[in-house]
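Here is a short report on helix packing, ring contacts and a few individual residues. Keep the model open while you read.

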Amino acid sequence: MDLDVFVTAHRAEWDRLDALLRRRRSLTGAEADELVTLYQRTATHLSLIQSSAPDPQLTGRLSQLVARARSAVTGTRRASWRDVTRFLTQAFPAAVYRSRHWWIPTALLSTAVAALLGWWIGTHPEVQSSIAAPDELRELTRPGGQYETYYSSHPAAAFAAQVWTNNAQAAAMCLVLGVFLGLPVLWILFQNMLNLGIGAGLMSSAGRLDTFLGLVLPHGLLELTAVFVAAGTGLRLGWTVIDPGPRSRRTALAEEGRAAVGMAIGLALVLFVSGAIEGFVTPSGLPTWARITIGVTAELAFLAYVYVLGGRAARAGDTGDVEAAERSATVPTAA
């Protein structure tokens, strides 16, 4: 594209759109129709320039012009309960469902890594001695030791809030940092699996693996699923940088990035539930079978939510992105 020729050919349209916007409160019917037409043309011009001949100054001017025209044409839109309902019943579960080919393998591989680490630590005393002194290990793993009292060391509400905050931050980091080719996501995921493997290995070496699982499973099933979903989505975002498919890289990252931000909000709600279970159920006096049943029920409910509501929404075309009317205009890309 010859940018100078393009600007010369369309400058009059942009100037006319700017003039109409300056007096938009007193437009005639014909002028209002003209404003809409010029808005659509200018949005297309902006997309063409961004994809073919990006110029920072011209892109900035047209972006402002398109934003002003969009506001004039569509009006100011406020979030409503309809948006909340759509997000919870369509956008979020659809985004999780669409990412299943990333987070399910991530979950299986991560669980295998945690199990392998746990086996290695539990069967190698020299590895255990590198973690802590023998007296400290006994204090950690004995009945009534630190592994057991950890979940009741603070008031339930405060503990649940702290757990939720930490987990939500970890999930958000996986989603946001995925754009760096997914490398930070792998590190965050490994740290989580290492902590899990250390706990399982040390308690296994003390003959108390059943106690460890009884403490972890009630909240851990849902909590780890949320972390795996965040990690898988982050890895998918990283792969989008490498291979955006038929879309332009800018468009692909914008669409997947908006969906990832929505998933961060949805996963924060999921982690709120797991945090409540960890704060109120895990340290409770309920029998182990009852606590695990609550955790399994929460996990199955989440999976049903994703596969039933999310699958239905995804098959209807929902990608987890904002609604079409809220997206910037783009130029169609040839397959």
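## A charge over a ring

The charged end of R100 sits over the ring of Y97, at 3.9 Å from the ring centre. This is a predicted model, so local features need pLDDT of at least 70. Y97 also belongs to the contact between α4 and α13.

## Helix α4 against α13

Two packed helices are described by the angle between their axes and the distance between the axes. Helix α4 covers residues 81–98, and helix α13 covers residues 288–315. They pack at an angle of about 95 degrees, and their axes lie 7 Å apart. That makes α4 roughly perpendicular to α13, because angles from 65 to 115 degrees count as such.

Which residues of α4 meet α13? They are L88, T89, Q90, F92, P93, A94, V96, Y97 and R98. From α13 come F302, Y305, V306, Y307, L309, G310, G311, A313, A314 and R315. By class, this contact has 13 nonpolar, four polar and two charged residues.

## Aromatic pairs

How many aromatic pairs does the structure hold? There are nine. One of them is formed by F92 and Y305, whose ring centres are 6.2 Å apart. Their planes stand at 40 degrees, so the pair is tilted. Planes under 30 degrees apart would count as stacked, and those over 60 as edge-to-face.

F92 lies in helix α4 and Y305 in helix α13. The pair therefore ties together parts that are 213 residues apart in sequence.

Is F92 buried or exposed? F92 is buried, with a relative accessible area of 3%.

## Helix α4 against α12

α4 also packs with helix α12, residues 249–281. Here the angle is about 110 degrees, and the axes are 9 Å apart. α4 and α12 are therefore roughly perpendicular to each other.

On the α4 side, the contact is made by F87, L88, F92, A95, V96 and R98. In α12 they meet E256, G262, M263, I265, G266, L267, L269 and V270. The residues divide into ten nonpolar, two polar and two charged.

## L46 in helix α2

L46 is found in helix α2, which covers residues 29–52. Its relative accessibility is 10%, so L46 counts as buried. Leaving aside neighbours within four places in sequence, L46 is in contact with T59, L62, S63 and V66. L46 and L62 are 16 residues apart along the chain. Their C-alpha atoms are separated by 6.2 Å.

G220 lies in helix α11, residues 209–242. At 7% relative accessibility, G220 counts as buried. G220 and I292 are 72 residues apart in sequence. In space, they are 9.8 Å apart, C-alpha to C-alpha.

Where does S153 lie? S153 is in the loop between α8 (146–149) and α9 (156–177). With a relative accessible area of 43%, S153 is partly exposed. S153 and P283 are 130 residues apart in sequence, but 9.3 Å apart in space, C-alpha to C-alpha.

Terms used
Residues numbered from 1 in each chain as written. Predicted model: local features only at pLDDT ≥ 70, side-chain atom pairs only at ≥ 80, totals over all residues. Heavy atoms only, no water. Axes fitted to C-alpha atoms, helices over the stretch in contact; angles between N-to-C directions. Helix = DSSP H or I, 4+ residues; strand = E, 2+ residues; numbered from the N terminus. Parallel < 35°, antiparallel > 145°, perpendicular 65-115°, else oblique. Contact = heavy atoms within 4.5 Å. Nonpolar A, V, L, I, M, F, W, Y, C, P; charged D, E, K, R; others polar. Phe/Tyr/Trp six-rings, centres within 6.5 Å; stacked < 30°, edge-to-face > 60°. Buried < 20%, exposed > 50% of the residue type's maximum accessible area, 1.4 Å probe, protein only. Lys NZ or Arg CZ within 6 Å of the ring centre and 35° of its normal.
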